[in-house]
Protein chains: 2
Amino acid sequence: MRWNGWGDPAKAKDLPLAVRTLLPLLLGRTRRPHEPVALVDVVVSPSALTPEDLEALGSVVGPDHVDVTHEARVRHGGGRSTPDLLRRRAAEQRVPDAVLRPGTHDEVAAALRVAAELGIAVIPFGGGTSVVGALDPDRGPHRGVVSLDLGRLSGLIALDPLSGDAVLAAGTTGPEAEELLAAQGFELGHYPQSFRYATIGGFAAARSSGQNSAGYGRFDTMVTGIRVATPTGDLELGRSPGSAAGPDLIRVFLGSEGIFGVITEVRVRVHPVPQRRILESWSIPDFATGAEALRRVAQSATGPTVIRLSDEAETAVSLAQVGKIGKVLAKGASIVTVYEGDDIEHRRSRTAEILRAVGGTSSGESDAAAWLEGRFDGPYLRDSLLDAGVFCETLETATVWSALSGLRDAVTRTIMEGFTAEAGARSSVMCHISHVYPTGASLYFTILAGVRGDQLAVWEKVKASVNDAILAAGGTISHHHAVGRDHAPWLAQEIGETGVRILSAIKRELDPRGILNPGAVIALEPVGRAD
Amino acid sequence: MRWNGWGDPAKAKDLPLAVRTLLPLLLGRTRRPHEPVALVDVVVSPSALTPEDLEALGSVVGPDHVDVTHEARVRHGGGRSTPDLLRRRAAEQRVPDAVLRPGTHDEVAAALRVAAELGIAVIPFGGGTSVVGALDPDRGPHRGVVSLDLGRLSGLIALDPLSGDAVLAAGTTGPEAEELLAAQGFELGHYPQSFRYATIGGFAAARSSGQNSAGYGRFDTMVTGIRVATPTGDLELGRSPGSAAGPDLIRVFLGSEGIFGVITEVRVRVHPVPQRRILESWSIPDFATGAEALRRVAQSATGPTVIRLSDEAETAVSLAQVGKIGKVLAKGASIVTVYEGDDIEHRRSRTAEILRAVGGTSSGESDAAAWLEGRFDGPYLRDSLLDAGVFCETLETATVWSALSGLRDAVTRTIMEGFTAEAGARSSVMCHISHVYPTGASLYFTILAGVRGDQLAVWEKVKASVNDAILAAGGTISHHHAVGRDHAPWLAQEIGETGVRILSAIKRELDPRGILNPGAVIALEPVGRAD
């Protein structure tokens, strides 16, 4: 993966002419593009680890798997949020003191015990695609920090074909997992935008939700078991698909982003590879009508595998269809539906009936096919926009159906007013719904802004206002990006002080030295902050 | 509810002649029936609470709602397991020192703070239908114990019809909840066997699963939010149907059985009252074939609202159909299916196709209708059997499909061998599957035994062997009855010592004095036990 952007450098593409023409009209003057720094030229602090540290860590994971090279350290310096990418364009960068690459569960467990003894912080690292600062090399109160790269924990450990249950090593990437499962006739069906790079352990640790969530559920609901290493003991959880044997402790680790322990194996529900697929796109008069249609579909359980609604702005610039960016395809809003697996004609027909009843018009399969084709490519576009000096970022939330429209308005208004107030900048906000539930739905916002000054500083202020606005309007601080360090200061408003006390109590029990991902999820007290 | 048995005394019925004839053939000689003690004659210890205690508690919940009458104390002495009922036939009984009946969330919270200050244990009490000892008046290391009856916290607090989301007070019973929702056109659809008496808060605290779980999910999956009072702070959890804002802390309280706090309100997903229903029963060659059919139905998501498989023994004595007890209805095993709501012909037709494909034969709707009619009446039958001197109890577990048959065999063998070894007694074990998931299913056992000696002592030994056998065969210690005190000693084998440490850490944080339901879920160290 490109160290300071997204994905395969060979796939990066220049902005289409239409977009370059459109942007000044939309955003006014944008920032003068500047040349990103080359990886070898990044200035970093010398590793804080002593030879004794390296020897102790090497004795556990093997000396070859303690990496203090410049490249490894820089590549593990953070995730893939826009602030992460902006920071990677700077001359000086914060990076971990070393990268550890354990090869087994036991090596992970031993590495955590040794790091706790040495007083070195550990940042678990899967695919490196966090967009909430979960991978910042924050040492907290400790004297050093290592990135624990799980890439060597890869593979399909077990498959129970009768039960449709598979155990995957935590460092297995999305494509690796699907390839291994497909060889046995099965699919996991979890396709977040980060699919090509993110890992099974990361999906679990961050409570990921994939584009097929309408059909196969959030990652939370796919997980049937986990194996976890902590500095003070291991866990193997999930004996049965239905259990009342006390609280479901799997859920303590889903969303824990490495602050309690390191997930080393994940047991997941899988299904036979779907043999058939129907794609269908729809035009719908406006976002509100589309949201009403999605609500009825979700509450009637008509069974689309994918259903997503792009608002008027997103439909117009067709951001949902990266290949066609800039072509105005349709007036109004648009819906993409996909049906996979059994009984798809019936599911399509019941869903279509609802969409037609609210005023939708089928536009055939080509737009849905274009979305499917380009659905993992959004982040490449962001790189091109950043290269062109345009600020571009995404954020997401969710709420109940009755509050959805108010939440969307509040977020949109706060973003636009924020850029005006903080930077006198024009911005454009697009929105889609891509995850639906019987009681509510997610909202995903794509933001472009013509910020000419310090984009990072401006965005931090705007984003803070948006977080406040989300909570005030009844939304969750994150639907599927998780908390990391970026949302941590807002978590207490969502789960209450007593909720934060529960998380802290679990952390103290499992990680009494506090070496695991300090400052993620549970904000460090300012005094404890070592940056 | 009958204080020493189940339900409405007017509904109790004598065993049918056919059963009385059958029992000696099945079980040999049974115990001579003995006369249960009358409530007024039960001998209990004097209340350990001082006038100062009563005044302090009364100042919080109102003096009229601190009840130290003999009847109230005896009625709150435990749950409704067979051991509970056998203990209620004894002359001396363990009961709480008082019953508190708070009327609001704030009164619950204040009562917990006062009890913590006074050093008095608190046993939260909903419908009183626990069958795992969760309501034992165990004072732990404290000088007294009160039952906290949530009956006054009743009602529909809010309904969001657009989102299909309703807030119910924790003490609302199943029928009360459905009546209140039905008046607005909605249904919760949670029908465990305890439905008529159990409460919304109890369903949440015990991770209940209802007979319509194939259609509407376990209670876990219905809960969208909770409000909890703890001795050290309140929680309001569940802002959004999909969230990645850290671990889902709702799940910390589902299954916590009152050891962390008292659930005072539950937000649940509701659906429009179904307008149509199809019932269909099936004969199936044997249990194994039936289980294979249920697996295919669950993995193909064909959409029955209810699907349950009775094994050959249960089918034969027709325990599933209380009204017809004793009539041998069919050879082989049998399946009941129910379809409610939208699109039911299609769902029925897809399900039927699978059942026919494995060799099932539709037997029309009458057996399914009889099951539906009698589905809450099983416990009345147990009372009659106990009155007749026959030991009768149920237990349940769950596992993945591939381990289901082995688990059933292990449990059945352990029960029968156990009764032989411990009491030279013959026993009869029936089994059904009533909850299915894509990756596995529950097993529910009904046990009759001709134990002539101390039924309680014999059962404690047999049950201990069964718990060991369940864990050895890959099952969960409970699918929907929960942990209580009866399963607590086995919990560490299921979730590991590290799992128990997590629960203990949460408890220490929220309930540092340890007043809440001491000994439930997390077993007390023997030294701390105050009985």
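A salt bridge here is a side-chain nitrogen of Lys or Arg within 4 Å of a carboxyl oxygen of Asp or Glu. Helices (H or I, at least four residues) and strands (E, at least two) are DSSP runs, numbered from the N terminus. B:Arg296 is partly exposed at a relative accessible area of 35%, and B:Glu292 is partly exposed at 22%. As for the cut-offs, buried means under 20% relative accessible area, exposed means over 50%, and partly exposed lies in between (1.4 Å probe, protein chains only).

Some ground rules before going on. This is a predicted model, in which local features need pLDDT of at least 70 and side-chain atom pairs count only at pLDDT 80 or more, while totals for chains, interfaces and linings use all residues. Residues are numbered from 1 along each chain as its sequence is written, chains are lettered from A and ligands numbered from 1 in the order in which they are written, and side-chain values use heavy atoms, with hydrogens and water left out.

Over in chain A, A:Glu292 forms a salt bridge with A:Arg295, with the closest N and O atoms 3.0 Å apart. These two are three residues apart in helix H11 of chain A, which again puts about one helical turn between them. A:Glu292 is partly exposed at 22% relative accessibility, whereas A:Arg295 counts as buried at 12%.

Across all chains, a search of the whole structure finds 62 salt bridges. One of them, between A:Arg267 and A:Asp165, has an N to O distance of 2.5 Å. That pair ties together distant parts of the chain, from strand S10 (residues 262-269) to strand S6 (residues 165-169) of chain A, 102 residues apart. Both A:Arg267 and A:Asp165 are buried. There is also a salt-bridge network in chain A, linking A:Arg207, A:Arg218, A:Asp220, A:Asp248 and A:Arg251.

Contact means heavy atoms within 4.5 Å.

In all, 79 residues of chain B are in contact with 78 residues of chain A. The area buried between them is about 6,000 Å², and carbon and sulfur atoms give 57% of that. Buried area is the accessible area (1.4 Å probe) that two parts lose on being put together, summed over both. B:Arg239, B:Pro241 and B:Pro247 supply 12% of what chain B buries against chain A, more than any other three residues. Six salt bridges run between the chains, and B:Glu509 meets A:Arg501 in a salt bridge at 2.8 Å, N to O.

What about the interior? The largest nonpolar core has 92 residues, and those with the most contacts inside it are A:Phe219, A:Phe253, B:Phe219 and B:Phe253. Such a core is a set of buried Ala, Val, Leu, Ile, Met, Phe, Trp, Tyr and Cys residues joined through side-chain atoms within 4.5 Å. Setting aside neighbours within four places in sequence, the contacts of A:Phe253 include A:Leu235, A:Phe260, A:Leu510 and, from the other chain, B:Ile502.

Another buried residue is B:Leu168, at 0% relative accessibility, which is found in strand S6 (residues 165-169) of chain B. B:Leu168 and B:Thr264 lie 96 residues apart in sequence and 8.8 Å apart in space, C-alpha to C-alpha.

Finally, look at the backbone of A:Asn517, which has a positive phi of about 45° although it is not a glycine. A:Asn517 lies in the segment after helix H18 (488-510) of chain A and counts as buried at 2% relative accessibility.
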